[in-house]
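Dear colleague,

Please find below the structure that I am handing over to you. My notes on it follow.

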Amino acid sequence: MTVGIVMLCHTALERAAQVARHWAERDCPVVIHVDRRVKKPAYQKLFDDLSDLGNVQFSARHACEWGTWGIVAATQDAAAMMLASFAHVRHVFLASGSCLPLRPVEELVAYLDSRPRTDFIESVTTEDVGWTIGGLDFERFTLRFPFSWRKQRRLFDSYVKLQRRVGFRRKIPDGIVPHMGSQWWCLTRQTLSAILENPEREDIDRYFRKVWIPDESYFQTLVRQVSAQVESRSLTLSKFDFQGKPHIFYDDHLQLLRRSDCFVARKIWPHADMLYDAFLTKAGLGQAAAEPNPGKIDRLFSKAVERRTKGRAGLIMQSRFPHENWENGRTSAPYSVFQGFAEIFENFEPWLGKVAGTRAHGHLFAPDKVHFAGDDPVYNGSLSDSAALRDYNPRSFLTNLIWNTRGERQCFQYGPADNQTISWFMACDPNAQISVITGAWAVPLFQSNANFSDIRRQAALMQKLELEYLSILRSAFAKARVRIWSLADFVENPMEPLQTVIDEISPRAVRRLTEAPRLADLAGFGQFLQNLRNQGMQPVLMGDFPVDFGQSNPNRRRGRPYLVK
Amino acid sequence: MSILSRYMLRLARQRWRFRAIRKRGELRPVAIRTGRIAPSDLLVFTTLRNERVRLPFFLKYYRDLGVNHFLIVDNDSDDGSREYLAEQGDVSLWTSKHSYKRSRFGVDWLNWLQMKYADDHWTLVVDPDEFFVYPFCDTRPLRALTDWLDASSIKSFSAMLLDMYPKGRFDVMPYNEGQNPFEIAQYFDSGNYSFVRNGKFGNLWIQGGPRARMFFRDNPERAPALNKIPLVKWNRRYAYVSSTHMLLPRGLNQVYDEWGGEKASGCLLHAKFLDTFAAKAEEEMQRHQHYANSHEYRAYREALSVEPDLWCKFSEKYINWRQLEILGLMSKGNWA
């Protein structure tokens with residue numbers, strides 16, 4: 001007993017001829033259907049090329065537009081011809097002109113011989129398919145589709161919509177339970193002839209003629225009526241991408257295809273000479289009993305589809321520029337933004353770098369330049385420290401920085417004196433961990449040697465900017481992990497908030513902080529705030545900062561806050 | 001997009017096309033072999049001036065990718081470029097003594113040639129110092145890509161310009177004829193690019209890289225654009241608007257995904273910064289034939305006087321397309 005190959009061809013006929021010859025020379029009869037839209041000379045050439053082979057026949061030609069009945073009609077005629085002409089055929093294998101056998105023909109024959117009653121056809125009820133493109137599954141069987149999906153998409157869609165609205169439904173003939181599956185099957189003579197010789201075939205065909213994409217449902221449905229043993233999988237390795245078109249195999253897939261142990265793969269790029277050479281001319285070396293194992297190829301292609309539909313989180317590039325909120329992650333990794341810490345601790349950045357095990361930047365958005373860690377003039381990805389370049393596109397600057405340093409958490413300082421255009425972006429970024437000590441910007445002013453009227457003006461400006469920033473952080477749209485303390489609350493007990501933030505940055509560092517940054521000398525700061533008030537400015541962001549802070553409590557150790565050991 | 005602005009874009013496209021037709025008289029045929037172009041051939045279109053030393057490698061590179069025919073406009077070369085090209089069997093050559101600037105930097109000339117010869121062909125419009133890199137370019141010829149694009153109903157393919165530079169001064173290693181320029185200019189900037197959407201034409205505007213970092217750090221808005229759409233399934237109704245940065249109809253500029261996914265894209269490796277650069281910059285300054293008063297070349301000349309080194313310790317050394325893919329400069333999309 002042997003297997004007969006029904007080949008549906010429409011392009012790359014010279015490759016089809018090559019494959020047909022391969023089958024035929026190994027005693028597998030071939031019936032070829034060539035799309036009627038193929039021009040006469042090309043058809044004639046294929047015919048002549050194969051004329052020396054006695055077991056190759058050509059069936060009546062139909063026009064096979066995608067998604068229409070033509071493909072089923074072509075399959076029916078070719079299969080009937082196969083059954084009638086080659087009596088020793090037990091299984092009929094449906095293949096396309098761009099299919100390529102991956103294992104020796106004898107292995108396929110032996111495999112089928114040991115399963116003489118099994119029909120290999122993917123056949124799934126409409127409730128269970130997850131792969132239909134365009135959301136049409138059951139409706140393929142109940143609506144009418146007079147318009148071409150490819151050429152008249154708008155008409156197609158609106159006609160579907162109209163039918164849904166008026167509640168139109170075609171009646172499904174009795175005894176038919178819609179099933180769908182891959183077009184490529186391998187059926188036994190018994191099953192196939194039962195389908196083709198069914199006395200009601202005319203009625204059934206009339207119904208399926210108007211079903212959408214009948215080549216994925218005609219045999220898949222009818223096989224359930226007649227077959228004793230359906231193995232619901234295809235012997236043809238064929239993967240579809242997110243648009244519903246098949247993935248194509250190239251020369252560099254050779255090893256993957258070899259190791260897949262599948263019998264036939266679709267679809268092969270016609271110019272993939274190496275694949276055709278490897279699988280058609282050289283003898284295969286597969287293990288005779290191996291079951292097909294397309295797992296690796298499945299993963300490769302599903303990764304490709306994911307790359308196309310989801311992309312890499314936080315990456316902005318020439319072919320990925322998502323609308324706002326469609327980024328699937330505005331940035332590629334978590335990062336921490338500190339506001340006010342560098343102002344009230346004297347050595348905050350080196351300390352942070354040490355305890356968090358990362359490099360802590362200064363004010364990345366400072367007006368004079370980008371203060372990278374270590375005052376580098378360039379940083380990962382050749383990011384420049386030029387403030388003009390950064391301010392030209394602050395969003396790109398930040399996403400670039402986070403992308404370029406994947407694997408290393410970024411921490412940087414921020415404040416009301418910095419470029420504020422980035423604040424909405426950070427506030428709405430779930431990757432941002434934003435910690436703010438409100439009013440801490442007043443500490444450098446307090447320590448400065450400026451005239452008080454300038455200080456007062458500066459303080460008013462800073463307060464206004466920080467209030468705006470806080471209202472952004474507190475808005476309903478903010479997605480960042482935000483923590484806000486007033487200066488007064490923070491200096492009261494600095495270690496607890498620090499511990500919380502550091503724990504979040506490096507959760508694996510279980511030990512508690514043993515070294516704290518040195519607090520700036522705030523003696524007289526309360527009075528400084530009072531002076532601002534006296535000058536008519538109302539500092540509201542520092543909380544209830546005691547006027548006598550640092551003075552009434554001489555026993556308090558200045559500098560290092562108390563540590564719980 | 002309102003009907004009115006759509007109509008205005010249509011008018012603009014017609015205007016560029018008529019301009020190209022009007023400018024066709026400026027081209028004088030030198031060696032025309034367009035009769036050899038077969039229906040599905042892959043075509044390269046180029047304008048150049050005095051690039052003799054680069055040409056052998058340029059032609060070889062694209063022949064190896066599977067390009068079938070080159071259509072080249074020579075802008076009055078006097079270094080033997082014209083004679084060399086005229087001898088090549090797969091080159092059709094035109095020459096023009098007219099202003100490069102007033103042909104909008106060659107765009108009008110090439111628009112005309114594309115209109116005439118490229119209808120329904122995949123076309124690649126590149127300069128002689130631009131080398132197209134796409135996913136799997138080391139194992140799959142260009143036709144594999146165009147076949148896949150055809151099957152996916154994609155008409156245009158993005159390839160961002162990636163400036164390549166040597167370590168140290170440009171003239172430390174001289175470039176020899178036939179040599180791969182990336183043996184010298186091995187380095188590139190991997191992650192300092194700025195992306196903005198152009199609302200009118202729908203393309204992305206990309207700036208950055210070593211030129212922005214070194215020459216335009218104080219006026220970044222003048223840094224050269226790096227977005228390019230060089231590979232297009234051409235139709236005679238199409239027109240490039242400004243270099244290969246953008247096209248009309250504007251749908252062709254939609255080479256990026258807006259819903260979080262990645263479309264497939266490539267890179268144009270830019271071998272500009274070789275020892276030939278100083279002479280070129282000087283010549284272009286003399287001719288005043290470059291974009292926006294040649295301010296770009298002015299900036300280069302100023303910088304060149306201090307013998308710049310574009311290399312920095314974060315420069316990446318070029319390995320292959322997979323490296324560019326991992327760095328996020330290009331993408332495989334759903335091509336696997």
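At what angle do helix 1 and helix 4 of chain B pack, and how far apart are their axes? Helix 1 (residues 3–23) and helix 4 (residues 107–117) of chain B pack at an angle of about 90°, with their axes 8 Å apart. Axes here are lines fitted to C-alpha atoms, for helices over the stretch in contact, and angles run from 0 to 180 degrees between N-to-C directions. The two helices of chain B are therefore roughly perpendicular to each other (angles under 35 degrees count as roughly parallel, over 145 as roughly antiparallel, 65 to 115 as roughly perpendicular and the rest as oblique).

Before going further, please note that this is a predicted model, in which local features need pLDDT of at least 70, side-chain atom pairs count only at pLDDT 80 or more, and totals for chains, interfaces and linings use all residues. Residues are numbered from 1 along each chain as its sequence is written, while chains are lettered from A and ligands numbered from 1 in the order in which they are written. Helices (H or I, at least four residues) and strands (E, at least two) are DSSP runs, numbered from the N terminus.

Among the residues of helix 1 of chain B that meet helix 4 are Trp16(B) and Arg19(B), and the helix 4 side includes Asp108(B) and Trp112(B). Residues are in contact if their C-beta atoms, placed from the backbone, lie within 7 Å.

As to the two chains together, 49 residues of chain A are in contact with 52 residues of chain B. Helix 11 (295–309) of chain A is one of the elements that supply at least two residues of the side touching chain B, and helix 11 gives the most to that side, with 7 residues.

Chain A holds 21 helices and 19 strands. Its C-alpha trace spans about 110 × 60 × 45 Å along its principal axes.

Chain A also has an open sheet of 3 strands, in the order 5-12-11 and with mixed pairing. Strand 5 (100–101) and strand 11 (236–238) stand at its edges, each with a single partner strand, so one side of each is left without a neighbour in the sheet. Strand 11 and strand 12 (residues 264–266) of chain A pair in the parallel sense over 3 bridges; strands pair if DSSP finds at least two bridges between them. Ala265(A), in strand 12, is the bridge partner of Leu237(A).

With kind regards
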